[in-house]
Structure formats: structure tokens, C-alpha cells
Amino acid sequence: MTPKCCFLGFLLSVLLPGVVETQPANESLKPQRVHFQSRNFHNILRWQPGQACLGNNSIYFVQYKMYGERQWKNKETCWGIREFFCDLTNETSDIWEPYYGRVKTALAGIHSGWTMTQRFIPWWERVLRSTSEDA
């Protein structure tokens with residue numbers, strides 16, 4: 001695209017919001033920045049709400065699997081939650097194996113697609129801290 005076309009596209013998107021490049025509702029609900037955070041092998045899946053998720057009316061659904069498995073498994077205690085995190089420590093206990101997590105959103109009867117993490121290997125991703133650092 002030439003610079004003139006880019007500027008024109010930008011101008012139209014500012015002047016005509018919602019007309020140019022509208023996004024389906026389920027896409028704007030998709031959780032953002034889904035990732036694992038590992039501290040002392042305590043593995044938490046974290047995410048941020050989608051662009052259309054204002055307030056805390058959305059509910060989230062979490063699944064996980066080990067690399068190579070075909071089927072995703074529901075994390076029952078993180079099924080229909082309002083938090084932006086889910087503890088997957090027990091499900092990711094083999095520290096040498098790679099895992100994936102994914103999250104989807106539901107709001108007012110509309111479900112987003114899944115947003116998946118990058119491959120997570122607890123041994124490589126861990127951060128070790130002593131308990132005295134927490135004080």
C-alpha cells in the first residue's frame with residue numbers, strides 16, 4: 001500500500017468508526033496475551049480480556065493439553081470463571097514435557113474462539129525465588 005492509501009485508510013477509520021474494518025463480536029471477545037507464568041514450578045495460565053469485554057460480565061473457559069495429545073482437557077475448576085487466571089500446576093507437573101493452554105470467553109450468549117498459548121515447558125520457563133523474597 002502506498003503512503004497516501006495508508007493515510008486515507010487511517011483517516012477513514014478515525015472518521016467512520018465501526019464502518020471500516022468491523023470485527024465480528026466473537027473475535028473482539030477473544031482473550032488477549034494468553035500465557036503461562038511459572039514461579040517455583042507453580043504454573044498459572046494468565047490472560048487479559050478481549051477488546052469488547054468491558055466490566056467483569058464475561059466468563060472464561062480453560063483447557064490444556066500436553067504436546068502431542070489430540071484431545072484438549074477441560075480444567076473443571078476454571079470452567080465458567082470470571083478471573084483472568086487459572087492454576088494449572090497439577091496438570092503441568094511433568095516439568096520436562098511441553099504443554100499448551102487455551103482460553104475462550106462467553107458474554108451475553110456469544111462465545112469467542114479459543115486463544116492458545118505458545119508451547120510451555122515448565123523446566124525452561126520457571127523462575128525460582130526463595131520464600132524470603134516474598135516478604
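Analyst: **Asn-40 and beyond**

Asn-40 counts as partly exposed, at 35% relative accessibility. The cut-offs are simple: buried is under 20% relative accessible area, exposed is over 50%, and partly exposed is in between (1.4 Å probe, protein chains only). This is a predicted model, where local features need pLDDT of at least 70 and side-chain atom pairs count only at pLDDT 80 or more, while totals for chains, interfaces and linings use all residues. Residues are numbered from 1 along each chain as its sequence is written, and side-chain values use heavy atoms, leaving out hydrogens and water.

Where is Asn-40 found? Asn-40 sits in the loop between β1 and β2. Strands are DSSP runs of E with at least two residues; helices are runs of H or I with at least four; both are numbered from the N terminus. Phi of Asn-40 is positive, near 55°, and Asn-40 is not a glycine. Most residues other than glycine have a negative phi. Arg-33 also takes a positive phi, about 50°, without being a glycine. Arg-33 belongs to strand β1. Arg-33 is exposed, with a relative accessible area of 60%.

Now move to Thr-89. Thr-89 lies in the loop between β5 (85–87) and β6 (99–107). Is Thr-89 buried or exposed? Thr-89 is buried, at 18% relative accessible area. Setting aside residues up to four places away in sequence, Thr-89 touches Phe-41, His-42 and Asn-43. Touching, or contact, means heavy atoms within 4.5 Å. One atom pair deserves a look: the backbone nitrogen of Asn-43 is 2.9 Å from a polar atom of the Thr-89 side chain.

Apart from neighbours within four places in sequence, Cys-86 contacts Asn-43, Ile-44, Leu-45, Trp-47, Val-62, Lys-75 and Cys-78. Cys-86 is among the residues with the most contacts inside the largest nonpolar core, which has 14 residues. Leu-45, Trp-47 and Val-62 are named in that group too. A nonpolar core is a set of buried Ala, Val, Leu, Ile, Met, Phe, Trp, Tyr and Cys residues joined through side-chain atoms within 4.5 Å. β1 (32–39), β2 (42–48), β3 (59–66), β4 (73–81) and β6 each give two or more residues to this core. β3 gives the largest share, three residues.

Lys-75 opens the next step. Its side chain meets that of Glu-91 in a salt bridge (2.7 Å, N to O). Glu-91 is in the loop between β5 and β6 and Lys-75 is in strand β4, so the pair ties together parts 16 residues apart in sequence. Both Glu-91 and Lys-75 are buried. A salt bridge puts a side-chain nitrogen of Lys or Arg within 4 Å of a carboxyl oxygen of Asp or Glu. The structure holds two of them.

The other pair is Lys-73 with Glu-69 (3.5 Å, N to O). Lys-73 is partly exposed, with a relative accessible area of 37%. Glu-69 is partly exposed as well, at 27%. β3 and β4 pair in the antiparallel sense over four bridges; pairing requires DSSP to find at least two bridges between the strands. Six residues lie between the strands in this hairpin, where Gly-68 has a positive phi near 95°.

Terms used
Polar contact = N/O pair within 3.5 Å; in protein donor to acceptor, adjacent residues only side chain to side chain.
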